[in-house]
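Hello,

Here is the structure we spoke about. Please open it alongside the notes below.

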Amino acid sequence: MTPTESLNIDIDVDEEDVPFEEEILRNAYSVKHWLRYIDHKKKAPRYGVNIVYERALKELPGSYKIWYNYLKTRRKQVRGRCITDPVYEEVNNAFERSLVFMHRMPRIWMDYCSFMTMQCKITRTRQIFDRALRALPITQHHRIWPLYLDFLQRFNIPETAVRVYRRYLKLFPENAEEYIEYLTSVDRLDEAAQQLASVVDMENFVSKHGKSNHQLWNELCELISKNPDKVHSLNVDAIIRGGLRRYTDQLGHLWNSLADYYVRSGLFERARDIYEEAIQTVTTVRDFSQVFDAYAQFEELNLKKWMEEASESASGEDTDVNIEIRFARFEYLMERRLLLLNSVLLRQNPHNVPEWHKRVKLFEGKPTEIIKTFTEAVQTVQPRLAVGKIHTLWVEFAKFYEANGQIDDARVVMEKATQVDYVKVDDLASVWCEWAEMEIRQENFNGALGIMHRATAMPKKRAAYHDEKEPVQMRVYKSLKVCR
C-alpha cells in the first residue's frame, strides 16, 4: 500500500497517537506540532511516518522544513534496494511534487539531482540538472555545477559532457583547466588543444593549479607535438614558433617539440630542416645540447630503422644507397658538433676573440674556410667590445698567409691591421712589432727597419700617451715597445 492510497482510507489511530492528533486538530497549521508528531512516528512502520508527512504537507505545502525532512526520510527508506525497485519512482514523484512549491530552494534540487545520478538514468538526470539551472538564480548556480560535472564524469557520455562544459565555462572561465583535463581523459585532444591555446592567450588567466603561463605553453606544445593525428584545428608550426619568440629561455624544448611533431607526422625531411634551423639559431649551450642530442637520436633511429628493414627483406641497390646516405648524414652531424657549438658561443658574443681563434683551429686543413673565418672575424669584432686582444686576429691572419708563402697578402693584412682603431696603444704597438718580425723572418731587414721607422715617426699633431680621446695611431710613437 502506497502513502497516497493510505490517505484515501480511514486512518487507524493508536492510543499513544491520540494526544498528538488532538494537538494537530487544534494547531493544524503549526509546523512545530507536525514535526513533534513526525518524531513520535519515526519508530512506526514505514508507511506510518509517511502518512503523517503527507497529511502535514496537505496542510502546509509551502513548508521547506517538512519537505526537506520528508524527502530525506524517503531516500533513507530506499537505501540498499535495487535501483529497478518501483519505490525509487515513488521517491522521484515526491521530489517532483515538492518542486511545485520548492523550485527556488537549491538544496531540494541538489538532493534530487544526486538521487537521480545514483539511479543511472542519464537522460532524465541531465534534464533535471538543466531544469535546476533554469529555475535557480545565477547566484546559486555554483551549488549545482559541481554535482552536474561529477555526473558527467561518472558516466561515459563525452558528447553531452563537452556541450555542458562549454556552458559551464561561460560562467566560470577560470576553470578551463578542469575542462582540459576531462577532454584529455576522454581522448578529445583536438578540443583540448583548442582550449589550452585559448588559455595561454589570456593575459589575465590565473591557473587554479598554480601553473605559470610558461608551464601551460609547454603542456600545449607537448600535447600538439605528440598527437599530430588527433589535433587538426590548430596551426602547430605557428603556435610553437610563437612560443619561440615569446619564451627565449626555453628554445631547446620548443624546437624539439616542433621537430617531434613532424617526426610523428611522418615528415622526416621537414623534421630534419627544423633541427638544422634550431642548431643554427639557438644562443645558449643548454639549448644547443638539447637540440643536438635530439637531432642525433633522430638520425640514429632513422639509420637503425633502415638497417632493420634491409636485414628483414632482400636488400636492393636502392636500399643500400639509402642506408649510405643516412649513415653519411649521421656521421656529418657528429663531425660538425664542435663547430656548431662554437657558432653558438659566437652568437652569444660575436666579439669573443678566443672563440674566433678556436673556430680557425676547427677548420685546420681547409685554407679557404680559414681565410673566410679570419675575414669574418676582423670585420665582426669591434675593438671597444672585444673580449680578448683583437690584434691577435690580424696577426694570426697574416701569419697564415706567411706560412702558405703568400707574403704579399700577409703584408696587406698587416697594413690594414695598423689602421684599426684599437682601445689600447699596446695593441697597435704589438701589430707593428709583429710586422717587423715577419719581415725579419723573410730576411727583409731593410723592410723591417722601414716599418719600425713608420711606427716611431712623430705625427703632425702631438698627443699625450694616455690621452684616450686621440686615436692610438697618434700616440704609438711614444710606446716603449716600438722604441726598443
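**Helix α11 and its cover**

Helix α11 spans residues 176-185, and its buried residues are Ala176, Glu177, Tyr179, Ile180, Tyr182 and Leu183. Please keep in mind that this is a predicted model. What covers those buried residues? The cover includes α9 (141-154), α10 (158-171), α12 (189-201) and α13 (213-226). After α11 comes Asp187. The phi of Asp187 is positive, near 65°.

**The α21/α22 pair**

Two packed helices are described by the angle between their axes and the distance between the axes. Take helix α21 (residues 367-380) and helix α22 (residues 391-403). Their axes come within 10 Å and cross at roughly 155°. Angles over 145 degrees count as roughly antiparallel, so α21 and α22 are roughly antiparallel to each other. The crossing of α21 past α22 is left-handed.

Which residues make the contact? From α21 come Pro367, Ile370, Ile371, Phe374, Thr375, Ala377 and Val378. They meet Leu393, Trp394, Glu396, Phe397, Phe400 and Tyr401 in α22. By class, the residues of this contact are 11 nonpolar, 1 polar and 1 charged.

**Salt bridges**

Side chains of opposite charge can pair when their charged atoms come close. How many salt bridges does the structure hold? There are 33.

- Arg75 and Asp111: their side chains meet in a salt bridge, at 3.7 Å from N to O. Arg75 lies in helix α5 (residues 64-77) and Asp111 in helix α7 (residues 106-118), so this pair ties together parts that are 36 residues apart in sequence. Asp111 counts as buried, because its relative accessibility is 10% and the cut-off for buried is under 20%.
- Lys211 and Glu219: the closest N and O atoms of this salt bridge are 2.6 Å apart. Lys211 is partly exposed, with a relative accessible area of 27%. Glu219 also counts as partly exposed, at 30% relative accessibility.
- Asp260 and Arg264: here the closest N and O atoms of the salt bridge are 3.0 Å apart. Both residues sit in helix α15 (residues 251-264). They are 4 residues apart, so about one helical turn separates them. Arg264 counts as partly exposed, at 46% relative accessibility.
- Asp237, Arg241, Arg270 and Glu277: salt bridges link these four in a network.

**Two single residues**

Val87 lies in helix α6 (residues 86-102). Is Val87 buried or exposed? Val87 counts as buried, because its relative accessibility is 9%. Leaving aside neighbours within four places in sequence, Val87 is in contact with Val78 and Arg81. For a sense of scale, take Val87 and Gln406. They are 319 residues apart in sequence. In space they are 107 Å apart, C-alpha to C-alpha.

Asn302 lies in helix α17 (residues 285-312). Asn302 counts as buried too, at 8% relative accessibility. Which residues does Asn302 touch? Not counting residues up to four places away in sequence, Asn302 touches Arg272 and Arg326.

Best wishes

Technical notes. Residues are numbered from 1 along each chain as its sequence is written. This is a predicted model: local features need pLDDT of at least 70, side-chain atom pairs count only at pLDDT 80 or more; totals for chains, interfaces and linings use all residues. Side-chain values use heavy atoms; hydrogens and water are left out. Helices (H or I, at least four residues) and strands (E, at least two) are DSSP runs, numbered from the N terminus. Buried means under 20% relative accessible area, exposed over 50%, partly exposed in between (1.4 Å probe, protein chains only). Contact means heavy atoms within 4.5 Å. Axes are lines fitted to C-alpha atoms, for helices over the stretch in contact, and angles run from 0 to 180 degrees between N-to-C directions. Angles under 35 degrees count as roughly parallel, over 145 as roughly antiparallel, 65 to 115 as roughly perpendicular and the rest as oblique. A crossing is left-handed if the near helix is turned anticlockwise from the far one by less than a right angle, and right-handed if clockwise. Ala, Val, Leu, Ile, Met, Phe, Trp, Tyr, Cys and Pro count as nonpolar, Asp, Glu, Lys and Arg as charged, and the others, Gly among them, as polar.
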